[in-house]
Structure formats: C-alpha cells, structure tokens
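Please consult the sequence and the coordinates shown here alongside the text.

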Amino acid sequence: MLYLGIDQHARQITISLRDDQGDVLQARQVSTQPKKINDFFQRLTRERLSKGESFVAVLEVCGFNDWLIRMLRDYRCEKVILIQPDDRKKRKTDRRDAAALSELLWVNRTRLLQGKPVRGLRQVDIACTVDQENRRLTTLRRDAGHVRTRIVNKIKHMLRRHNLYWDMPTKNFPTKRAIAWLKKLVLPAIDQLEMNHLLADLEHIEQRIQELETTIAERCATSEDAAILLTMPGVAAYTATSLACRVGRVQRFPRSHSLANYWGLTPGCRNSGENQQRLGSITKAGSGTARWLLAQVTQHVLRKDRALREWYKRIKRRRGASIARVAVMRKLATIIWHMLTKRKAYD
C-alpha cells in the first residue's frame, strides 16, 4: 500500500508519496494539463504498484476537487480522503503541505482506512453525484432569489426617489398589474433607460427562477429523504431538497445532536485551567444554507406546532428571542435526524 498526499491548485498539484514504512518515495510537482497529469498517474500505476496493489490519497477540500477525485478512482486508488484545511501556517510551501498530508495519512492510516474519526482532523464526506448536483441546483436557486431581491429593491428605490410609490396600483410588488403600470410610466431619460433595463432583468430572472423550481420539483419527487422532509410545516420542494442533499447519508451521524453539530448549531467553548467554565456562541460550522433554511422553517413550525411553541416561549422568557430561535433550529436538526433515521414523517 502506498500513501499519496496531494496539495491541489488550479495549474499544478504537488505530491508526496510514501511507502508502508513511511519513507518518502517521490516528491514533485505535476501540471494539471490533462496529458501531463494522466502520464504521471500512468507511470505511478505501472512503476510503483505491483500486481493487485493500490494506493490511498488525501487532499484538502477546495472548490474544484471533483475532477481529481474521479481521476484518482480511475487509477486504482482504494480510498480518497478529503479533509478540511488547517489554519494558515507561518512557514508554508506546497511541498511542505503535500509532505504533511502524506505523513498525516501514513500515521493515521489504520483509523482512516477503517473510516473512523481522527481527533483534530475534520474529514469531509464525499457526497454522491446526485447530492452534488442537488447542492449546485439549490445554490443556483438561492442566488437567483438574491438577484431578484436586489432588482426589486432598485426599482422601489427609483419610485421613492420620484415619490411615485403611492401611485402603484397594487400594494405588493412585483405583480402583473404593477409591472404593466411601470412599463407605461414616463420618467426622465436616464431614469427611463435604467427602469427599462431593470424590468428586462426582472423578467429574465423570473423566468430563470421558474425553470429552476421546475427542475427542483422533479428531483424532489424522486428523493425519498426529501419526501419525508416535505411533511414538516413550511417545507416545500426547494427546502426539502436543499436539506436532504446537505445531510447526505444520515447513517454517518451516530447521534441526533451530531447533525446539529455538523451544521454549526451547537455552542463552542474555550475552557482551560481554572477559568470560568462557560459556553460561547454557536460554532456556525458546516453549511450556512442549511442554517438559513432552518431559520425560515422555524417561523412556520412555531405557528403550527403547539408543543414546540410552548418550549420556545419558556426559553424566550429566560434567554431572549434570538437564543430561543436558535434553540428551535437545533431542535429541528435533531428532529430531522430522527425522521431520516427512522423513516417517519413529522409528528
């Protein structure tokens, strides 16, 4: 068995290869050009690996790991381990990083190959293809919603600048009547040009949101986990699909509060020596999108779930509304774990 540490960048990767005794066999940089990196892995499998042998690879998570993970699996890599990078070091080079990764892999090889956790090392679960696609799809829908909000706010600001907001035919915006009224509205030349562009952008983003929501609804209908989450109050196809793909395999969370900890909803602490033992604010680790969605779901759950609303009120009287809402979000994360583990609907 060989142990390969990879420090990945856009134009090159730096590798450090160790054997079973922990000795470095090879340390070099390889271009990410398809021909050069394929030649490197072909030589690795031909010269370093005897018949039936394989290797294990470790690399730090970044925004473009996908193609490298697929390539490693094509070249007889037994397991790819993805880890969260440490804090920035004072002495940092690509060769040092690759060597540190390969040494980390070799020292903890037994536990890592068995899929067990290593203290001080945050491993990143490599999601399946469907979950990766759903994450990208729901992120596109979230970003499209943000763009739509910015356009609407710009239109409202222009109407207030000319004190025309009172003349709008509907109280809410955007509506069909309000958009038709805006198209007939006469403004100064530059403002009219900007308004025409904003209305065109609004029409385009509305069309894009409709296409995304249709695709999300189709994918939600084929997901068993999303179907279970749809039974929660205030959860539609977008929220159910977003949360389901960000949970992934629920079996990797041994306890219910593990999911809340994974989403950064549990308090942090810095206890040492004789200092006062106090818990801090929530860690906010993991997916920010999951926390944002749980905050939206909390509002609907508190309206419809009487037992949870009473529990929220008791915490609110003691600690305040903000802490009470975060407590409900954490409670919802544990409820989601039970729903997906026991395959039961929301009660």
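## Packing of H9 and H11

The crossing formed by H9 and H11 is left-handed. In this predicted model, helix H9 spans residues 237–247 and helix H11 residues 288–304, and the two pack at an angle of about 140 degrees with their axes 10 Å apart. H9 and H11 are therefore oblique to each other, since angles over 145 degrees would be needed for roughly antiparallel.

On the H9 side, the contact is made by Tyr 238, Thr 239, Ser 242, Leu 243 and Arg 246. H11 contributes Thr 289, Ala 290, Trp 292, Leu 293, Leu 294 and Val 297. By class, the residues of this contact are seven nonpolar, three polar and one charged.

## The largest pocket

The largest pocket has a volume of about 1900 Å³. Its lining comprises 43 residues, with Gln 123, Val 124, Asp 125, Arg 252 and Tyr 262 nearest the centre.

At least two lining residues come from each of helix H2 (66–74), strand S5 (77–83), strand S6 (123–124), helix H5 (129–161) and helix H10 (256–262). The lining of the largest pocket includes 18 nonpolar, 13 polar and 12 charged residues.

## The second largest pocket

A volume of about 410 Å³ is found for the second largest pocket. Of the 14 residues that line the second largest pocket, Pro 267, Gly 280, Ile 282, Arg 319 and Ile 323 lie nearest its centre.

Strand S8 (279–282), helix H12 (306–319) and helix H13 (321–342) each provide at least two residues of this lining. Nine of the lining residues are nonpolar, two are polar and three are charged.

How values were computed
Residues numbered from 1 in each chain as written. Predicted model: local features only at pLDDT ≥ 70, side-chain atom pairs only at ≥ 80, totals over all residues. Heavy atoms only, no water. 1 Å grid on protein atoms, 1.4 Å probe; cavity = no way out; pocket = protein on both sides within 12 Å on 5 of 7 lines; lining within 4 Å. Points joined across faces, edges and corners; volume = space filled by probe spheres on them. Helix = DSSP H or I, 4+ residues; strand = E, 2+ residues; numbered from the N terminus. Nonpolar A, V, L, I, M, F, W, Y, C, P; charged D, E, K, R; others polar. Axes fitted to C-alpha atoms, helices over the stretch in contact; angles between N-to-C directions. Parallel < 35°, antiparallel > 145°, perpendicular 65-115°, else oblique. Left-handed = near helix turned anticlockwise from the far one by under 90°. Contact = heavy atoms within 4.5 Å.
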